[in-house]
Amino acid sequence: MPYTRADGASRLPGLVRPAAEALRRAGPAWLTVVASLLLSLLGVYAIDVAESVKPTVLPDLSPTALRQLLFVVVAIAASVAIALPNYRLFGYASWFLMAIGIALLVFLLVPFVPASIVRPRNGARGWIDLGPVDLQPSELVKIAYVLVLAWYLRFRSNYRTFRGLLPPAIITAIPVGLITLQPDLGTSMLFIPALFAVLVAAGAKLKHLVIIVLIAMMAAPAAYPLLKPHQKERIVGLLLQVEGDPRADLGINMQSVTAQRVVGAGGIAGAGNERARTLLHFNALPERHTDMVFAVICTRFGLLGGLATLGLYLMWAVGALLTSGLCREPFGRLVIVGLTGFLAAQVFVNVGMNVGILPIVGITLPYLSHGGSSMVMVWLMTGLVLNIALRRPKLTLRTSFEYADDE
Amino acid sequence: MFLKSLFPSMFHRRLLLLLGLIAFSFVPLTAQLGRLSILRADDLRQQAEKRLVRRQWTNTVRGSILDREGRILAQDRPSFDVAVDYQVITGDWALEKARLAARRSVGAGWGDLKPAEREDLIARFRPAYQVHLERAWDALAAAVNLTRDELDSRRDQVIQSVTSKQEYATAKRREKELKDAQEQGEELTEAALRAIESRAKQPIAEVKAPHVLVSRVQDEVGFACQFLAAEDVELEPPAGLDAEAPIAFRSERVDQVPGLRVIDGGDREYPIETATVEVDRSTFPSALRADEKQKVVVSGLAAHILGKVRDKVYGSSPGDVAKGVRPTIGDAQLRTAYLKANPPEAAVAYTTDGEDRGAYRDNDRVGDTGVEGAQEDLLRGLRGLQTTRVDTGERIYQEPARGQDTRLTLDIMLQARIQAVMDPQVGLAMVHDWQLARDPQGQLHPAEAAKIGTPLFGAAVVLDIDTGDVLAMVSTPTFTRQELREHPERVYGNDPALLVSTPWLNRCIAKPYQPGSIVKPLILAGAITRGNLHADQTIACTGHLLPNEPDKYRCWIYKRFNTTHTEQLGHDPDGAEALMGSCNIFFFTLGRRLGPDGIRDVYRDFGVGRGFDLGVDRAGAGPATEYTGILGDGPTGTNIKMGDAIQMGIGQGPVAWTPLHAADAYATLARNGVRMPPRLIAGRHREEPGDLSLDPRGIAQAMEGLQRAVNDDLGTGHTITIGEKKEPIFNAPGVKVWGKTGTATSSPVVGDPDGEGPRESGVLESGDHSWFVVMVGRDRPRYVISVVVDFGGSGGKVSGPIANQIIHALIAEGYL
């Protein structure tokens, strides 16, 4: 090793050597970090494509793209900040953080809060206006929830019984309920896959989980009347689309149909710089910067671009899960799995929306969609993964989540 | 398990499971992505790129219809219409522009504004655009020479009309969707009702389209408006803006008159629909003769033949909107079939992305009846197309292609002269007392006497023997297009006079007439050819055919004068003499000798049962539909009995044809048995001439008989009797005439004489039709003239003088 002298002492001064060691040890987490970075930069470019009809000459970017770049920088800084302290601190603080999150969610719902603080966007009260920046409590609650869930489950095993699944369910139900009341059904739905991912990783009996999923699927139609009108409209719209009925194409299905059209127009390798911009502009794809940014990428870079994007997300998940596998401490393992669950679910729903197999819900794409609050939160997730990867204890603690009577 | 040995840790297996689930969930995403980007890529790409291109079509230029001398009978008269987009007419344009400007001014913060704030902002931008619109209307009013008030009232009319159409469409859609939902048993929840409502309220096409405010402007005005439409100016910022909080007001260029379009309007005009003819009465029968020329205005010239255009394109098959199938337009289907059958046309007609430049749209002019309708495919032409790329601003213009001109064989001036002489006010086509039959005491029947002075209607066809061209085809009465448009009940109505006159009917080709004695020369030629008669053979005229039945199968001379031709001539008549005297017994005998088969063959040889495919009607629809003639039960001559055959020898019984058939048959005779189907459209395809292989002696007999019928004292077509005097019918100098008179029995016209109710009906008109077919030429027969006058009575009294005048017309137009 060039950094070690013959007598074993380090050639690197001070903190640098342990830091370098740690960085090397982080290993597969780099996949996650690199994926996050690439996705973020891709997002900046995609926003530029979506916004300016005339192709910009790099490094000139459209104003929103520049703002997004700023968000990325801030988010990376936050991510570094969260990677510094030992993640177990967050574990100790998890219930406290959750309480703050719940309080904020309740605050959102309290009726006599003035609109200057909680300004409704598209009919949902989900944002707190803090002057120069806006805060989205549900994003915060996602992370707090993962921390709480992992902290709760880390030394238990009662979730191997059916009844033991109840407490995690209750822990999930509270934030899900509060977020659904905003109303933001899309975000609250994501908690369920995250919960399931954590339970699967923790070793809950697959039988139980499958039964729960089956019951939920059978009960779902009964919940249909409880949906709000516009949500029902969207589901009906999707069914019409699947049947090939063009009746709603100019109405409720407009966003989905337009997205599919521009995605198809991208072909295999994309429509080219100029053409992609004009197509997006004149086909008037809505929410180009946010919900539909995946369609923008597909228009610009075609099938290959779309597959590359999905590949990057897969890389993120692989890096995270490898890190989780290498981590020998239960809390860390579960935190990563929970975060991965959220990410994968969000990607699935958003991309599904963009290609027309799922109804439109208000879900953005992590790292790619425009938005400061969500960019910071999602880089915090990256930071947590890196954090856990950097702090693999040398001593093996007691093995966790190993059960002889598995599967 | 293999997995357990590879991954001893359960946790690791679970992680693997999670990774597997994530990857698995990406599979449908990838599949759909592939479906869109590979399978549907071309289609979606095309759809997406459609929005990059704005197309503006210009009208087709329809081909003209000309007569044989190149005179224009129908043509497009171009003119401009000035139209403005609906949004601008209502003023919504200002609101939309203000909204866009407001959005632009705030940028990404638009989504953060509350609706009330947004409205506020829009309201601040709006005045600038409203002021601009006001100035635009003033400018437009000045350009089209209207006052501002007049222009505004036209705007209101448009708004009213579109609003009511929209309401109607919304109501209809709502009704239909509710009905569909009920039929399918769907539940009408609030959400469903709202969805139905929003779908029903979808704006109709008129809301997005331009609307004509001033139509048929002169060229200078049209050009001025075109310049106006191309101008754009800098928008002035709203006044008093600085007083409020500063809003970023970006300077902007707007069209001087937004949404202004100058459309090629255009009319179809018929320059020779009306003509003034000077009728020379000096050659008229004595009772009507005069030295001064009479000016007659004839209108509706060749109306039956030319037809008309209509502004509505009909739907013929419903589409299934749910499946994305649009309803086809009837004429569109025909056009598609035509393009399929004519690949060279299709190569020019389709644009690069497969759109037919000649396709029909609402408000297109379509040929409806007559030649306009039948030749629609050739006359139509192709639209021009201006394609604008909205991203680059590039414009490509493809010129419209003019439709093909159609030239008719008709001579419109000859047609005008003939229509003039057949005009009742001239007197030849009118009931006169010297035409009417008197009883043995010389008295008129009172019912007959009541008819004196009433008009008579009929048909006249002039054929060129050498070429088969139809030089004139007049059917009276006719109608003008204006009349048809404004008072259709005067043409198609049910009142008794119209039931008799039937102005909509082209008698020359679409009305069945019994041939009567006209057919005799054909029977003679046919019988001699078939050997049923020798060339010089005679047959005695016995007054009645059957010896023991003096009331059946009688000769007219026996019926009227109680004598026979044998007596009149002093010997039995031969073929030519029988023709000259129009002896029924002779031809009853021929009919009997020919028998049902022979008679059928003779008639069929001469064209009965065949249509001529003139190209004047559109496949079986409408009043110009050619009547092909019948024999026995149908066109092919089935079920003819011997009794029928005898009758058909003199052109009665179960047989009918049209004046054109008559002219054509005589032309065949004059051509020595060479069949040459007549043609109305120059250059139109025609079947090869055929030879009937008639015996020349038969032809010679027939021609001699025809010559004597008109020129010999004993000929039935030689003179007419006015009062006590007999005067020759034909008085044209220097021409030879061959001809035959005829009487066709007819069924009476029955209708409601009061015009009041369906209960009482009575005979409105009854009697015989008067035929005369004439061939004329300086040395040999050059032209056939076939005239029939409805209810003109027996013989050539009425049709003869008309045929004479037609000969004079031919001379006047230089044909003889």
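Trainee: Which side chain makes a polar contact with that of A:Ser188, and at what distance?

Mentor: This is a predicted model, where local features need pLDDT of at least 70, side-chain atom pairs count only at pLDDT 80 or more, and totals for chains, interfaces and linings use all residues. Residues are numbered from 1 along each chain as written, chains are lettered from A and ligands numbered from 1 in written order, and side-chain values use heavy atoms, without hydrogens and water. A polar contact is an N or O pair within 3.5 Å; within protein, one atom must be able to donate a hydrogen and the other to accept it, and sequence neighbours count only if both atoms are side-chain atoms. A:Ser188 pairs with A:Thr180, at 3.0 Å.

Trainee: Is A:Ser188 buried or exposed?

Mentor: A:Ser188 lies in helix H7 (residues 185-202) of chain A. Helices are DSSP runs (H or I, at least four residues), numbered from the N terminus. Buried means under 20% relative accessible area, exposed over 50%, partly exposed in between (1.4 Å probe, protein chains only). At 1%, A:Ser188 is buried.

Trainee: Where is the kink in H12(A) centred?

Mentor: Helix H12 (residues 293-326) of chain A has 34 residues, yet its end C-alpha atoms are only 34 Å apart. A straight helix would reach 50 Å at 1.5 Å a residue, counting one less than its number of residues. The bend, an angle between axes fitted to the seven residues ending at a residue and the seven starting there, is about 130° and centres on A:Phe301.

Trainee: How many residues of H12(A) are buried?

Mentor: H12(A) is largely enclosed by the rest of the structure. The buried count, out of 34 residues, is 24.

Key:
Helix = DSSP H or I, 4+ residues; strand = E, 2+ residues; numbered from the N terminus.
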